[in-house]
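Hi everyone, and thanks for coming. I'd like to walk you through a structure that may be new to you, so please have a look at it while I talk.

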Amino acid sequence: FCFPYAGGSASAFKSWADALTEDIELCVIQMPGREERLDETLITDMSMLADYLAKEITSFSDRPFAFFGHSMGAIVAYETALRLRYIGASQPIHLFLSSRASPNMQDKSNPLRFLDDATFIDHLHRTYGAVPEAIRQSEELRKVFLPILRADVELLETYVEETSEPLNCPITVLGGKSDPAISKAMLTGWRTRTYSEFMQYEFPGEHFYINSERDAVIASILDDLLHNV
């Protein structure tokens, strides 16, 4: 299961299916309020979102599954795994968390959700490269995209970890060597969130290294999954 980044949708991982082996099925999380679910209400509460996603994922619990989350998706994947444990459902055999600081190392000192639209977009793009040129140049596209991005930023900025009891599955963290927002130490912080194995990898690139280094990222995921079987 792949969990997209803030402002992202299921299509962010559509090319991954071609790079996976035949015995692995790619399932991409499509959260409410985007693409074909555009008419649904955006969720800005992490507890509500984790509960919603955990219930959907339980229909796949008859077979082993793993989570991959990039940026915001890493926190959502982690919280969904915690919720699955809480409700007594099958849990992921492995958690892959990319480009997101561990919960105890989240920096909330300068909240973005209160900024005006222009400053909000400019800050996110300068820090993460998160706003495509087409959206920055089109007022029409911004009307669609901005509410989604603002909802996701609110989701992250109001997030409070309810439990730090470690998971039993292995955790692999991944990041870009030149990421201006997420340091190696921030990723290493996830080590305390598992009783099992912890692995950490760096790849060339910045926050969205998963695009330019897609094949290398997937190869690392497959290696760790094979080791985990």
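Predicted model: local features only at pLDDT ≥ 70, side-chain atom pairs only at ≥ 80, totals over all residues.

Let's begin with the chain as a whole. How many helices and strands are there in the chain? The chain has eight helices and five strands. If you follow along the sequence, they come in the order β-α-β-α-β-α-α-α-β-α-β-α-α.

Now for the dimensions. The C-alpha trace spans about 50 × 35 × 35 Å along its principal axes. A compact globule of 229 residues would have a radius of gyration near 17 Å, and the chain has 17 Å, so the two agree. Of those 229 residues, 48% count as buried.

What about contacts? Take the contacts in the chain with a separation of 6 or more: residues 24 or more positions apart account for 77% of them.

Which residues touch the most other members of the largest nonpolar core? They are F3, F67 and L95, in a core of 48 residues. The elements giving two or more residues to this core are α1 (46-57), α2 (72-86), β3 (95-98), α3 (117-128), α5 (139-157) and β4 (171-176). Helix α2 provides the largest share, with nine residues.

Setting aside its neighbours within four places in sequence, L95 is in contact with F67, A77, Y78, A81, L167, C169, P170, I171 and T172. Apart from this core lies another, made of 15 residues, and among them are F96, F203, I210 and I218.

Next, a few loops. Please find H207, which sits in the loop between β5 (198-203) and α7 (209-212). Is H207 buried or exposed? It is buried, because its relative accessible area is 2%, and the cut-off for buried is under 20%. Beyond its neighbours within four places in sequence, H207 contacts H70, S71, S99, Y128, D179, P180 and I182.

One of those contacts of H207 is S99, so let's cite it as our next stop. S99 is in the loop between β3 and α3, and it counts as buried at 1% relative accessibility. Its phi is near 55 degrees, a positive value in a residue other than glycine. Why point that out? Most residues other than glycine have a negative phi.

E35 is another residue with a positive phi, about 50 degrees, although it is not a glycine. You'll find E35 in the loop between β1 (2-3) and α1. At 37% relative accessibility, E35 counts as partly exposed.

Back to the loop between β3 and α3, where N110 is also found. N110 counts as exposed, because its relative accessibility is 61%, and exposed means over 50%. N110 and E157 are 47 residues apart along the chain, and their C-alpha atoms are separated by 9.5 Å.

Then there is P132, in the loop between α3 and α4 (133-137). P132 is partly exposed, with a relative accessible area of 41%. Between the C-alpha atoms of P132 and I221, 89 residues apart along the chain, there are 27 Å.

My last stop is L222, in helix α8 (residues 214-228). What does L222 touch, not counting residues up to four places away in sequence? The answer is A19, L20, T21 and I24.

Note on methods:
Residues numbered from 1 in each chain as written. Heavy atoms only, no water. Helix = DSSP H or I, 4+ residues; strand = E, 2+ residues; numbered from the N terminus. Rg over C-alpha atoms; globule rule 2.2 N^0.38 Å. Buried < 20%, exposed > 50% of the residue type's maximum accessible area, 1.4 Å probe, protein only. Contact = heavy atoms within 4.5 Å. Core = buried A, V, L, I, M, F, W, Y, C linked by side-chain atoms within 4.5 Å.
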